[in-house]
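Hi there,

Here is the structure I promised to pass on to you. Have a look at it first, and then read on for what I found in it.

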Amino acid sequence: MSGLCACTLASAAQVQQVEAALFAAGMPVEALMEKAGLRLAAAIAADYPAGDYPQVGVLVGPGHNGGDALVVARELWLAGRAVQVFCPRPPTKPLTRAHLDYFQSLGGKVHTGAVPEETGVDLWVDGLFGFGLERPVAEPYAGLMAQVNASGVPVAAVDLPSGLSSETGEALGGLAVRAARTYCLGLWKRGLWQDAALDWLGAPVRLDIGFSEAQVRSILGEDHRSARLLLPDAARAGLPLVRPATAHKYSVGTLLAVAGSRQYEGAATLVALGARSGGPGMLYLALPESLADRVAARLPEAIVYPCPQAENGALADLAGVDLKKFDAVVCGPGLGKADQALVVRLAREAAGALVLDADGLNLIAGQLEVLAQRAAPTVLTPHPGEFKRLFPDIALADRQGAARTAALRSHAWIVLKGARTVVASPSGQVWVNPGGSPALARGGSGDVLAGLLGALLAQCKTPEPAVLGAVWWHAAAGEWLAERHTVLGVDAETLALGLLPFLAAHSRSR
């Protein structure tokens, strides 16, 4: 099922709400478990063929997660695989106990207590603990999890890897099952899309188990605490790829980039290259005067303001720059040790959308109240270190919640960069970008994003399509380029120059 079910990232409480509504409407618990287990068994059988994985070990915990796993054990057994169930303690849920009894009645082998050192297993199915876990896993389960991790055998996790927080994605107590694939049931658990989960969950797969889209929408559709995945088709659809026949250079976005210093000269070029790929009608650059000629030589179409320069090589003033004439302004990449007053003034006077990145963020820290006075949209693009300087009292263990809190407080859009970049709007809506590549872990990648974001803000009537489109485009282009150049070959300039070829290739493939 597409739509809300496919993109909602639900908390444990929200999943419980949805399930309670299903049960109240007449769905038997037994029927939902059977449906989940059958979908799991089919997916695991397809991804791990019997010829390659004939010996399966199924880990069964005390609750309904263990019941789902036992349906898988039954189905794989009936399909002819050698299945062993490992159940360190008797199930506490009657339904799970019934499935265990039935598996044994079929002749299936069940291990209780300690696990043999040699199991012969070539695939594990992890059904120890599901969503809602709030404390570290204790013995005897902890030892079994460590043994499974040390076995080198691939693990298919049911709903989420055992030991993982379904909210923050952290391994509680530092220990979780390390899965090769995680088969999430029904709604995505929000913890699976936190950066902390990446070391544990392997490839995430969502299995539809028949939740009604209308029912889920009635419960969660207006809940701004629900984060959502930033799906590629939706992100791309918001890009300003169509222009009226009567368009002219002043009608399709005017963008000013305030960037660079003697120490960080390249940042000005990179933000400008990113902006150029975003296609604004007019691109203006406010630079320290010593940089102006060299940057202008790389971007002949840009209009350059050579601005006064301080002794430390930083931009000293924006003399002669009318901040009210631009549809969008990007400020910060490579500014270095500029005066805080320059950025505060810019935030107050810029009439169009404003992107604060890099040193622009550091210089506005402690002055965020200025942003609440702005009529036009503001976008802050911090990495975790910059985020802590801006919002020192907001913990980052839950990146989705942290971004939302910061956006509500600052009245700004937050683009919290990371392996899975989080976007939060001033109204509290949160998106998580599922794409990206470690190839983008390079100096200057963020400068390119800032320029691209500014260019799209200058053209879009509202900030949402610009922010979401820029985040998706930048990350997806990084993935595409890494496939062609390896993760070592996507420097910031390669990224900037690859943005448009990626988009053209993506358009042709649709």
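**Backbone notes, the sheet and a helix pair**

Asp159 is found in the loop that runs between β6 (155-158) and β7 (181-185). Please keep in mind that this is a predicted model. The phi of Asp159 is near 75°, a positive value in a residue other than glycine. Is Asp159 buried or exposed? Its relative accessibility is 5%, below the 20% limit, so Asp159 counts as buried.

Ala358 also has a positive phi, of about 55°, although it is not a glycine. You will find Ala358 in the loop between β15 and α13 (359-364). Ala358 is buried, with a relative accessible area of 15%.

One more loop deserves a look. Pro140 lies between β5 (123-127) and α6 (141-151), and the peptide bond leading from Glu139 to Pro140 is cis, with omega near 5°.

Now to the sheet. It is open and mixed in its pairing, with 12 strands in the order β8-β1-β10-β19-β18-β17-β16-β15-β14-β11-β12-β13. Which strands stand at the edges? They are β8 (188-189) and β13 (303-307); each has a single partner strand, so one side of each is left without a neighbour in the sheet.

Within this sheet, β14 (residues 328-331) and β15 (residues 353-356) pair in the parallel sense over four bridges. Cys331 has Leu356 of β15 as its bridge partner. Helix α10 (residues 265-277) lies across β14, β11 (254-258) and β12 (282-288), and runs at about 175° to β12.

Finally, the helix pair. Two packed helices are described by the angle between their axes and the distance between the axes. For α4 (residues 64-78) and α5 (residues 94-105), the axes come within 8 Å and cross at roughly 20°. Angles under 35 degrees count as roughly parallel, so α4 is roughly parallel to α5. The crossing in which α4 passes α5 is left-handed.

Which residues make the contact? From α4 there are His64, Gly66, Gly67, Leu70, Val71, Ala73, Arg74 and Trp77, and from α5 there are Leu95, Thr96, His99, Leu100, Tyr102 and Phe103. The residues of this contact divide into eight nonpolar, five polar and one charged.

Conventions
Residues numbered from 1 in each chain as written. Predicted model: local features only at pLDDT ≥ 70, side-chain atom pairs only at ≥ 80, totals over all residues. Heavy atoms only, no water. Axes fitted to C-alpha atoms, helices over the stretch in contact; angles between N-to-C directions. Helix = DSSP H or I, 4+ residues; strand = E, 2+ residues; numbered from the N terminus. Parallel < 35°, antiparallel > 145°, perpendicular 65-115°, else oblique. Left-handed = near helix turned anticlockwise from the far one by under 90°. Contact = heavy atoms within 4.5 Å. Nonpolar A, V, L, I, M, F, W, Y, C, P; charged D, E, K, R; others polar. Pairing = 2+ DSSP bridges. Buried < 20%, exposed > 50% of the residue type's maximum accessible area, 1.4 Å probe, protein only.
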